[in-house]
Amino acid sequence: MVFIGMDHGTTGISFCIMSDEGEVIDVFKIGREESKKGLISAKEEILKRVDLDSIKLMAITYAMGDGISKILPTSKVKDRGILSINGAGKVTGGGTSVFSELEELNIDSIMIPGLHKNSDSLDELFRAAYSHQASPEKVSISYNAVKETGWSNFIVADISSNSVDILIEDGKIKGAIDACLGAMGVIHGPLDLEMIRNIDENRASANECFSHAGAIKIAGIDGKVANMKDQLLENYRNGDEKAKLAIDTLIMTVAMEIAGLDVVCKNEIEGLVLTGSIGSATEPFNFADEINKYFKNKYPLKIISKDSGAIGAAQIAMDVYNGEKEILGIEVNI
């Protein structure tokens, strides 16, 4: 018997298959564009690995998750748990096609909400300040971080295509800072004054600006979303000065965001959890070492798998199946 977790990421959709003892059996990823073009089937990839009757529960993350605020059975969620797909980065349709395939499997599943102004589980100050703080996979990432560390008061830094930092206090998610608000990721980043002017003058849409506001903006890289990170890292390896400036700037903005979350935490921070394709990187630069230059060993650092979104979702599925009524302060209603 197994549990499955799904991470609806920027460059692809990842799945974790987990035994009912909590052991990770397999993790695999489906590219968004490949899925949209019918070159790969999520349903077929799952059925290659497990028998349908052996799946006890699947936990799904999808898009912004701003249409729900509790963990709910997928069958009870309207419009796939989102208010709108607009403003969410580049839309390829790959995630939509995967979701449709999962519906065809007709297995028991739950949906994990995003973190937003209607999330009663969050601190009211964060809800008052920001309409949206993080998409659903940040909840599953945070859950995996709790499982890996046993900490109750810490910050999760998920650094990849976008950068989102999450504050956990007393074992619950207090708040987070989304990619369009604070730190740069590889692709997405905050909208600054120049971008606001470009939007007002109809030179670009807000979503286009958001999707080119990360490190790629500094490095002068454009193209397919799936290829941009590899191009940035290749340029960095080759000694490209713009690529180095881009990475150094990204790290600086992440450090600023982490420090800001530390300030508002009422308890002492036990440590910092790093994840994501950049946050867990050890080459061509060591992200942990680079971020620690700013904090000078203030925080114990723990690196967890870059697949923590899918792994954490599978862990949520297992614990909800076994009767858990709350996940990081988020109510389970099944």
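Start by selecting strand E1, residues 2-8: 7 of its 7 residues are buried, so the rest of the structure largely encloses it. Buried here means under 20% relative accessible area, with exposed over 50% and partly exposed in between, using a 1.4 Å probe and protein chains only. Helices (H or I, at least four residues) and strands (E, at least two) are DSSP runs, numbered from the N terminus.

A word on what you have loaded: this is a predicted model, where local features need pLDDT of at least 70 and side-chain atom pairs count only at pLDDT 80 or more, while totals for chains, interfaces and linings use all residues. Residues are numbered from 1 along each chain as its sequence is written, and side-chain values use heavy atoms, leaving out hydrogens and water.

**Stay on E1.** In a regular strand the side chains alternate between the two faces of the sheet.

Select residues 12-19, which run antiparallel to E1 and are joined to it by 7 bridges. Two strands count as paired if DSSP finds at least two bridges between them. Look for Ser-14 in E2, opposite Asp-7. The hairpin from E1 to E2 goes through 3 residues.

**Now the other neighbor, E4.** Residues 55-60 run parallel to E1, with 5 bridges between the two strands. Ile-4 has Met-58 as its bridge partner in E4, and Met-6 stands opposite Ile-60. E4 is mostly covered too, with 6 of its 6 residues buried.

**Carry on to E6.** E4 and E6 run parallel, joined by 3 bridges. Click Met-58 again: its bridge partner in E6 is Ser-109.

**Zoom out.** Which order do the strands of the open sheet take? The 6 strands go E3-E2-E1-E4-E6-E5, with mixed pairing. At the edges are E3 (24-31) and E5 (72-73), each pairing on one side only. E5 pairs with E6 (residues 109-111) in the antiparallel sense over 2 bridges, and Pro-73 stands opposite Ile-110 there.

Select residues 42-49, helix H2, and find Glu-45 in it. Is Glu-45 buried or exposed? Glu-45 counts as buried because its relative accessibility is 13%. Show its contacts (heavy atoms within 4.5 Å): leaving out residues up to four places away in sequence, Glu-45 touches Phe-28, Ile-30 and Ile-40.
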